[in-house]
Amino acid sequence: MITVPFRTLKAGWMPIAMFLTFTFASNALYHSGRIVFSAGPILITQEGLHLAALRTMRVLLMIGSVKFLMAKTGTEPLVNALANLLRPFERAGLPVKDYFHTVGLTLKCFPILKDAIARHYTEHVQKGVAQGIIAKAGLMAQFILPLFVESIQSPELLFPEADQHEKKL
């Protein structure tokens, strides 16, 4: 029997729940059919609710499956398995190997970028620079974009351990 810690599966569900709510609402509105609810310009039909439930359930199951898979498999073996699975497309001229190499590097960068963003954000919030949720969102926008640009222009700054490894060689 395969077991996964519940804490691992429940991590990150707040943004996922917001995305699923938006998915449901956007699919439930303005479909033709038997009207269930109408208030001004808002129109919800039975067919719209059925489509919204079906599409939201599909997205939920996809996200849940990926979370389960990621909890049981590391990112590197998963990326390598996908690259091997799609390797026949290289015969058609698609750069599958290059693409999945880039995906692997990107996945390695995310935790480093997340830590840098959290550290910078915490420093500015503790200084009292941002008061209120709109000011905090503006603060995040001010430093996330430059951080991403910097990571694209000089990615070696994100991997100091790789630099040390090259010096040993």
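**Entry 1: the core**

I began with the largest nonpolar core, which holds six residues in all: Leu 113, Ala 116, Ile 117, Leu 139, Phe 143 and Leu 147. Helices α5 and α6 (133-153) are the elements that give two or more residues to this core. A nonpolar core here is a set of buried Ala, Val, Leu, Ile, Met, Phe, Trp, Tyr and Cys residues joined through side-chain atoms within 4.5 Å. Buried means under 20% relative accessible area, exposed means over 50%, and partly exposed lies in between (1.4 Å probe, protein chains only). In soluble globular proteins, nonpolar side chains tend to be buried together.

What does Leu 147 contact, leaving aside its neighbours within four places in sequence? I found Leu 113, Ala 116 and Ile 117. Contact means heavy atoms within 4.5 Å.

**Entry 2: what I am looking at**

I note that this is a predicted model, where local features need pLDDT of at least 70 and side-chain atom pairs count only at pLDDT 80 or more, while totals for chains, interfaces and linings use all residues. Residues are numbered from 1 along each chain as its sequence is written, and side-chain values use heavy atoms, with hydrogens and water left out.

I counted seven helices and two strands. Along the sequence they follow the pattern α-α-β-β-α-α-α-α-α. Helices (H or I, at least four residues) and strands (E, at least two) are DSSP runs, numbered from the N terminus.

The protein has 169 residues, and 19% of them are buried. Of the contacts with a separation of 6 or more, 46% join residues 24 or more positions apart. The accessible surface comes to about 13,000 Å², and 67% of that belongs to carbon and sulfur atoms. Such areas come from the Shrake-Rupley method with a 1.4 Å probe; for residues, only the protein chains shown count as cover.

**Entry 3: helix α4**

I moved to α4 (residues 75-85), where Leu 78, Val 79 and Ala 83 are buried. They sit on the same side of α4, because they cover an arc of only 135° around the axis. The arc is that of the directions from the helix axis to the C-beta atoms. What covers the buried residues of α4 includes α3 (46-72) and α5 (96-126).

I then checked Ala 83 by itself. Ala 83 counts as buried because its relative accessibility is 15%. Leaving aside neighbours within four places in sequence, Ala 83 contacts Val 96 and Phe 100. Asp 98 is 15 residues away from Ala 83 in sequence and 9.4 Å away in space, C-alpha to C-alpha.

**Entry 4: helix α3**

Is Gly 48 buried or exposed? Gly 48 is in α3 and has 0% relative accessibility, so I logged Gly 48 as buried. Leaving aside neighbours within four places in sequence, Gly 48 contacts Asn 27, Ala 28 and His 31. Ser 26 is 22 residues from Gly 48 in sequence, with 9.4 Å between their C-alpha atoms.

Ala 53 also lies in α3. Its relative accessibility is 39%, so Ala 53 counts as partly exposed. The C-alpha atoms of Ala 53 and Ala 25 are separated by 9.6 Å, and the two are 28 residues apart along the chain.
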